[in-house]
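Student: I have a new model open and would like to learn how to read it. Could you walk me through it, feature by feature?

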Amino acid sequence: MSSSGAGAAAVSNGPGGVARRAPTHDAERAAERAARARKLTARTLALGYLTLLLLAPVAMIFYRTFEHGLAPVWDSITAPNAQHAFWLTIEVVAIAVPLNTAFGIGMALLLERGRFRGKGLLGLLVDLPFAISPVVVGLSLVLVYGKTGWFGDWLTEQGFQIIFSVPGIVLATAVVSLPFVARETIPVLRELGTDSEQAAETLGASPWQTFWRVTLPGIRWGVVYGVVLTTARALGEFGAVSIVSGRIEGQTQTLPLYVQDRFENFDSTGAYTAAVVLALLAMGTLLAMNLLTRRTRRRIGA
Amino acid sequence: MAIEVRNVDKRFGDFVALDDVSITVGDGALTALLGPSGSGKSTLLRIIAGLEAADSGEVVIGDEDVTRAPARTRGVGFVFQHYAPFKHMTVHDNVAFGLSVRKRPKAEISARVKELLGLVRLDGLAERYPSQLSGGQLQRMALARALAVQPQVLLLDEPFGALDAQVRAELREWLRRLHSEIHVTTIFVTHDQEEAMEVAEQIVVMNEGRIEQAGSPRHLYESPSNEFVMSFIGPVNRLGDAFLRPHDIQILAESDGAGTEALVERVVHLGFEVRVELKLHDGRDIWAQVTREEAERLELREGQILTVRLPPPRVFTPQAA
């Protein structure tokens with residue numbers, strides 16, 4: 001690096017239109033090398049951090065699962081309690097995620113487009129499940145809906161059991177995964193603005209048509225991302241569900257609860273297998289979103 | 001359809017956007033709402049469209065009082081300043097939108113879209129997405145989309161504001177021609193007096209939420225009713241309370257006894273027109289507009305002292321508030 005940046009600039013601006021000389025090239029090349037080295041260091045650090053925290057443990061689980069071959073894995077998967085836990089988890093996700101999606105989109109519209117008193121408070125409330133520990137969520141649900149809770153007696157009289165049964169699990173799952181769709185949708189909604197909705201209105205679209213044809217397609221990436229996060233959270237929820245479900249084997253045991261149960265009973269293959277299934281479900285969701293987004297985005301060039 | 005706005009008021013909090021505004025636009029006319037930003041012109045346009053509700057007053061389109069009608073039933077085509085394209089739809093689907101929400105038959109829709117894309121010269125781009133169009137093309141797509149539902153009234157908010165100068169000039173010319181072809185009552189908003197004068201048959205000058213004056217471009221230029229209109233429409237020199245047009249200032253090669261002495265401070269050549277900045281003998285600055293030939297004949301150069309003859313200045317008596 002024999003020539004400074006200022007010197008190089010003076011050369012290129014010199015009289016007679018002197019072309020850039022070699023020193024400039026050297027300086028540029030050195031700067032490029034430094035930039036590349038910085039990038040490489042940053043990348044290595046990020047990857048190392050992820051490996052230690054995430055990749056290594058997950059890889060370990062996969063390795064331990066298949067350590068003794070496929071036969072024990074197959075046995076673990078087909079065990080009745082494992083099957084039940086799997087389908088219960090799917091059921092809970094299938095109810096809680098659509099509920100939270102509809103609620104999240106509605107909330108996002110309200111918070112972003114509405115003008116009313118107490119909007120800030122409502123926004124805080126939506127975020128509350130992020131702040132509160134899931135165990136506390138579970139306990140508070142028991143306090144309200146349990147046998148000795150506020151509605152407990154009345155609900156039992158009506159023939160509903162919430163706590164220690166599937167509705168309670170759905171409720172707990174819905175609460176802990178509540179904020180995702182709204183939080184992912186609000187910024188996209190803001191970016192979309194109101195112009196295109198107003199354009200639809202002047203073209204004769206009803207509010208309903210405007211929502212389905214203009215607003216929803218406009219915010220779909222935010223919604224999709226929110227749904228993926230909600231699904232991942234709902235699949236893996238442990239703390240809140242652990243309290244409201246009563247962990248009854250073959251009845252109210254979801255997949256994460258089943259993993260812990262197997263682990264505590266020294267059935268490590270059972271625990272690892274269920275854990276792998278759980279991980280695969282979550283990865284599948286992520287992958288599906290990725291493929292979906294990439295394909296459509298390429299098409300519309302957005 | 002004729003449009004009539006009667007005594008409309010609109011406030012946003014403490015800000016008075018429109019203060020007792022009334023305008024009449026004849027059937028098939030091409031009208032400009034002209035004013036500086038914050039003058040209320042866009043608000044007025046949005047109230048006519050039904051995108052904003054007036055606090056008081058009435059909006060009548062044709063024979064119908066639409067003051068309380070929602071935008072979607074007013075039969076108004078609106079072109080937004082930033083075009084408001086539906087980004088997830090092709091050009092075809094954008095233009096078809098108004099017909100498709102009305103559940104028209106597919107064949108009718110595609111025939112109409114094809115016709116409109118021809119009209120706005122976007123044929124061949126039907127399958128593109130808005131992200132693949134230039135500003136001028138987006139503008140024309142937005143116009144085709146608004147025209148698809150055969151509106152009684154076409155409203156355009158700063159239609160050329162976001163385009164570069166050359167495309168802007170082309171589109172102005174094109175909008176004029178389009179209007180003479182389809183004859184739909186059209187109102188557009190602009191802050192550019194040249195644009196208003198070039199395109200519109202009638203100009204409504206707005207300032208601070210009020211109408212200053214309405215009339216033909218020529219009428220506004222020749223008989224402005226107040227200072228604001230005089231200084232907003234066309235170039236102007238201000239000498240105290242008096243206003244004079246730069247092209248009314250005569251420059252004489254030799255003193256004739258009746259003129260005033262002036263020093264040439266700067267001569268700016270703008271093609272056909274030459275702008276001469278002068279300092280009068282009493283120290284006041286004015287500028288004159290002369291043709292190139294005149295400038296050559298007078299051999300204008302900086303530092304020269306010559307004689308100018310000022311026209312009888314226009315003085316506006318302050319308006320009663």
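Student: Which strands of chain B does helix 1 (residues 41-49) lie across, and at about what angle does it run to strand 1 of chain B?

Tutor: Let me first set the ground rules. This is a predicted model, where local features need pLDDT of at least 70, side-chain atom pairs count only at pLDDT 80 or more, and totals for chains, interfaces and linings use all residues. Residues are numbered from 1 along each chain as its sequence is written, while chains are lettered from A and ligands numbered from 1 in the order in which they are written. Helices (H or I, at least four residues) and strands (E, at least two) are DSSP runs, numbered from the N terminus. Axes are lines fitted to C-alpha atoms, for helices over the stretch in contact, and angles run from 0 to 180 degrees between N-to-C directions. Here, helix 1 of chain B lies across strand 1 (3-12), strand 2 and strand 4 of chain B, at about 120° to strand 1 of chain B.

Student: What is the strand order of the four-stranded open sheet in chain B?

Tutor: Two strands pair if DSSP finds at least two bridges between them. The order in this sheet of chain B is 2-1-4-5, with antiparallel pairing. Strand 2 (15-25) and strand 5 (64-65) of chain B have a single partner strand each, so one side of each is left without a neighbour in the sheet.

Student: How many bridges join strand 1 of chain B to strand 4 of chain B?

Tutor: Five bridges join these antiparallel strands of chain B. At B:Ile3, the bridge partner in strand 4 of chain B is B:Ile61. Strand 4 (residues 56-61) of chain B also pairs with strand 5 of chain B, antiparallel and over two bridges. There B:Ile61 stands opposite B:Glu64, and B:Val60 stands opposite B:Asp65. These two strands of chain B form a hairpin with two residues between them, and B:Gly62 in the turn has a positive phi of about 65°.

Student: What is the order of the six-stranded open sheet in chain B?

Tutor: That sheet of chain B runs 6-7-8-3-9-10, with mixed pairing. Strand 6 and strand 10 (210-215) of chain B are the edge strands, each pairing on one side only. On average, neighbouring strands of this sheet are turned by 15° against each other, direction ignored. Within the sheet, strand 3 (residues 30-34) and strand 9 (residues 202-207) of chain B run parallel and are joined by four bridges; B:Leu33 stands opposite B:Val204 in strand 9 of chain B. Helix 4 (residues 135-147) of chain B lies across strand 6 and strand 7 (153-157) of chain B, at about 170° to strand 6 of chain B.

Student: Where do the domains of chain B fall?

Tutor: Domain bounds come from an automatic or database domain assignment. For chain B, this gives domain 1 (3-230) and domain 2 (237-310), with C-alpha centres 41 Å apart.

Student: Is B:Ala253 buried or exposed?

Tutor: A residue is buried if 20 or more other C-beta atoms lie within 10 Å of its own, exposed if 12 or fewer, and partly exposed in between; C-beta atoms are placed from the backbone. B:Ala253 counts as exposed because it has 11 C-beta neighbours inside 10 Å. Its place is in the loop between strand 13 (250-252) and strand 14 (260-270) of chain B.

Student: How many residues of chain B are in contact with chain A?

Tutor: Two residues are in contact if their C-beta atoms, placed from the backbone, lie within 7 Å. By that rule, 22 residues of chain B are in contact with 18 residues of chain A. Strand 6 (76-79) and helix 2 (91-101) of chain B each supply at least two residues of the chain B side.

Student: How many helices and strands does chain A have?

Tutor: Chain A has 14 helices and zero strands. Of the 302 residues in chain A, 32% are buried.

Student: What is the average pLDDT of chain A?

Tutor: pLDDT is the predictor's confidence in each residue, from 0 to 100. Chain A averages 87, and 89% of the residues score at least 70. Over residues 1-20 of chain A, pLDDT stays under 50. Where pLDDT is low, the predicted coordinates should not be read in detail.
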